[in-house]
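Please open the model in your viewer and keep a selection panel at hand.

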Amino acid sequence: LVAAPLVDQIVEVVPSPSFDLEAYISNYTGRTRATRLKFIAERVPSLHRDAFRMLLQEVKSGQNVQLYRETLELIGDKLGPPDQLRDNEWMERTQELNEKTLEKLEVELCQHKLNSIKEKVRMGHNDLGQHHLATGNLPEALKCYTRTRDYGTTGRHTLDMCMSVIRVGLEMGNYSHVVNYIAKAEQITDMVLDGGSSLRLRVASGLAHLDGGKYKQAALKLLHVRLDR
């Protein structure tokens, strides 16, 4: 006999009567907000319509056309006929704007390289990374952020590069990058890490330990995270 492969099952959740979806989700922005709405929509039947509606609205407030397509596919006919839900005009307009912005940023970067201004080149790569991150092209965002390393001149520049790579690594689920760049950030010797940077590094390290099944190390990292309101 051959054992059947284990399949991840989505466990349905019944929220407490006092749970307020809008109040809860107002604590989050951007990709995190979208991810949490998706999580709720898939697991809480009583809230799935509201969560899917808010998820679609959140995705359309950004630039990620591919994420919009994936969201529509996930929703299917749960909010009505798919053809009526799909906003082709938004997709075309957003994709065109993304392409124009990308072309502009690439031209600016080439000009900075011709002028041999290191700080301008560093910022050009960083701007490209932010654009790729916003549009969902995570591999290209990762490349752009790592290229800023060759043009940094201070510890702050190195820390900014490490933080950007860590953020993309977490989005991609590439925890080897996360671990490597946490170590690089902690080895910066010409500056003292501010409280916010130290907190983000601890959280990222805790998540990396969780992914690797190192639960004790993850707990130790996360217990040192203080979220002062």
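**The largest pocket**

Begin by selecting α2 (30-43), α3 (48-60), α7, α8, α9 and α11 (195-211), each of which supplies at least two residues of the lining of the largest pocket; helices here are DSSP runs (H or I, at least four residues), numbered from the N terminus. This is a predicted model, in which local features need pLDDT of at least 70 and side-chain atom pairs count only at pLDDT 80 or more, while totals for chains, interfaces and linings use all residues. Residues are numbered from 1 along each chain as its sequence is written, and side-chain values use heavy atoms, with hydrogens and water left out.

The largest pocket has a volume of about 1,500 Å³. To centre the view, select Thr 29, Arg 31, Thr 32, Arg 167 and Glu 171, which are the closest to the pocket's centre among the 40 residues that line it. A pocket is an open set of points on a 1 Å grid over the protein atoms alone, with protein on both sides within 12 Å along at least five of seven lines, and lining residues have an atom within 4 Å of a point. Grid points are joined across faces, edges and corners, and a volume is the space filled by probe spheres set on the points. Now colour α9, which gives the most to this lining, with 8 residues.

**The second largest pocket**

Next, select Arg 31, Ala 34, Thr 35, Lys 38 and Leu 67, the closest to the centre of the second largest pocket among its 14 lining residues; the space in this pocket is about 260 Å³. The largest share of its lining, 7 residues, comes from α2.

A search of the whole structure finds 1 cavity of 30 Å³ or more, a cavity being a set of points where a 1.4 Å probe fits but cannot get out.
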